[in-house]
Amino acid sequence: MPKITVLDMQPIAPPVGGGRLRLLGLYHALPCSTTYIGTYDWPGPGYRHHKLSSTLEEIDIPLTKEHFALHEEWKKKVGGKTVIDVGFPFMAHLSSAYVEAAIKATKKADIVIFSHPWVFPLVKDQIDWKQQLIVYDAHNCEGLLRCELLDDGNFGTELVRRVIELEYTLCHKCDLILACSHQDRLLFNNFYSVPFEKILIIPNGVFVNKITPANESLRQQCKQELGLGSKVAIFLGTEYKPNVEAVFFICNNLAPVLSEVDFVIGGSVGNALNTQYLLSKGIKNIKVTGFITEEEKVRYLHASDVAINPMFSGSGTNIKMFEFMAAGLPVVTTEIGARGIENPTGNAFKVCSKEEFSNTIKEILNDRDMWKKYSHEAWRLVTEKYAWERISPFLGEILLRNLEGK
């Protein structure tokens, strides 16, 4: 049976944030032995080797103090922005244990998957291009995303140039690209001139056996336990610029005009806010949770009546959308927040402009028939098309078929 190696520079477990959720979702149920080599993008944790499923093992090798010290120097050059991922190809020589583990795993594999492009330069000279199947799992179009985040006319622009060169090379050297959406597929074709037949759409998803809809009794119980009111809207996210933009939209444009709704801001994106800011605005109907475990996240989802996703930038698809739908919540979103997600009936979520956002939330909360329609259709769509339990085995079949073809 073929062996698969997946390479990235973050841990999988716990699966917090879109990237780590995609890693676990895509690779937990492949039909053959899969080894993930990762690390921690923060100092502290030690070496870890454990099983995540019957076929997926995770090995994490810590980075060195010297590696983190160099990253701090680079951060200062880009105004304090985190660039440990973008800078990884140029810093990893300081973490030789990680590089050695990645090379060893690459040599043993029949299929090598680069989840993000950052590790590719470290092992490319060890690849058997004739025998091994090489796959790029593109969480985003990194060249475009990093241009949005880092292009400053100085050091940030130089980093963007290097990202574009790296991603271009990987796209043209690999055998197969996994894109999250049709929009991303178009980006790779337009931006890097990658032929469409080389790009396969493997969408993001959700574990539908872990996040399920709440009945009314459970919803009321969770509201009471969490100290929430009768109407609750939820937004989830990590501390990432497009999520931070969404949070300030909630604070400035939604909470003040929907005083009867309690807004839950879940996840590390809440770090962008502080109590003084909310007090200065006179906002009393926002609850900021900070980092939450998967179990806590499910409780907040069960306590909510509607989910919101006012995203105005970014690429790829928002995994939070699938979590909202798996919980049976009507979702109000911008077009960008819904990018890459099919909605054939038009009733799996409600897309609206920023000007329409507050009125749309109010309309759904006050119309029970509309609420039930969006709730049911959201759950039906996600279980049929975006369940990791379906996506991972399907990807396994695709990979083995491409390996045989090569």
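**View 1. Strands S9 and S10 pair in a predicted model.** S9 (232-236) and S10 (262-266) run parallel, joined by 5 bridges. Two strands count as paired if DSSP finds at least two bridges between them. Strands (E, at least two residues) and helices (H or I, at least four) are DSSP runs, numbered from the N terminus. Leu 236 has Gly 266 of S10 as its bridge partner. The open sheet has 6 strands in the order S11-S10-S9-S12-S13-S14, with parallel pairing. S11 and S14 (350-351) are the edge strands, each pairing on one side only. This is a predicted model: local features need pLDDT of at least 70, side-chain atom pairs count only at pLDDT 80 or more, and totals for chains, interfaces and linings use all residues. Residues are numbered from 1 along each chain as its sequence is written, and side-chain values use heavy atoms, with hydrogens and water left out.

View 2. H12 spans residues 294-303. Its buried residues are Lys 297, Val 298, Tyr 300, Leu 301, His 302 and Ala 303. Buried means under 20% relative accessible area, exposed over 50%, partly exposed in between (1.4 Å probe, protein chains only). These buried residues pack against helices H1 (18-27), H9 (216-226) and H13 (319-326), and against strands S9, S10 and S11 (286-290). Contact means heavy atoms within 4.5 Å.

View 3. H7 covers residues 155-173 and holds Glu 167. Glu 167 is buried yet has no salt bridge, that is, a side-chain nitrogen of Lys or Arg within 4 Å of a carboxyl oxygen of Asp or Glu. Arg 146 is the nearest side chain of opposite charge, 8.3 Å away. Lys and Arg count as positive, Asp and Glu as negative; His and the chain ends are not counted. The Glu 167 side chain makes a polar contact with that of Tyr 136 (2.5 Å). A polar contact is a pair of N or O atoms within 3.5 Å; within protein, one must be able to donate a hydrogen and the other to accept it, and residues adjacent in sequence count only if both atoms are side-chain atoms.

**View 4. Glu 57 in strand S4.** Glu 57 lies in S4 (residues 56-60). Its side chain makes a polar contact with the side chain of His 49 (2.6 Å). Beyond four places in sequence, Glu 57 touches residues including Thr 34, Tyr 36 and His 50. Glu 57 and Lys 108 are 51 residues apart in sequence and 15 Å apart in space, C-alpha to C-alpha.
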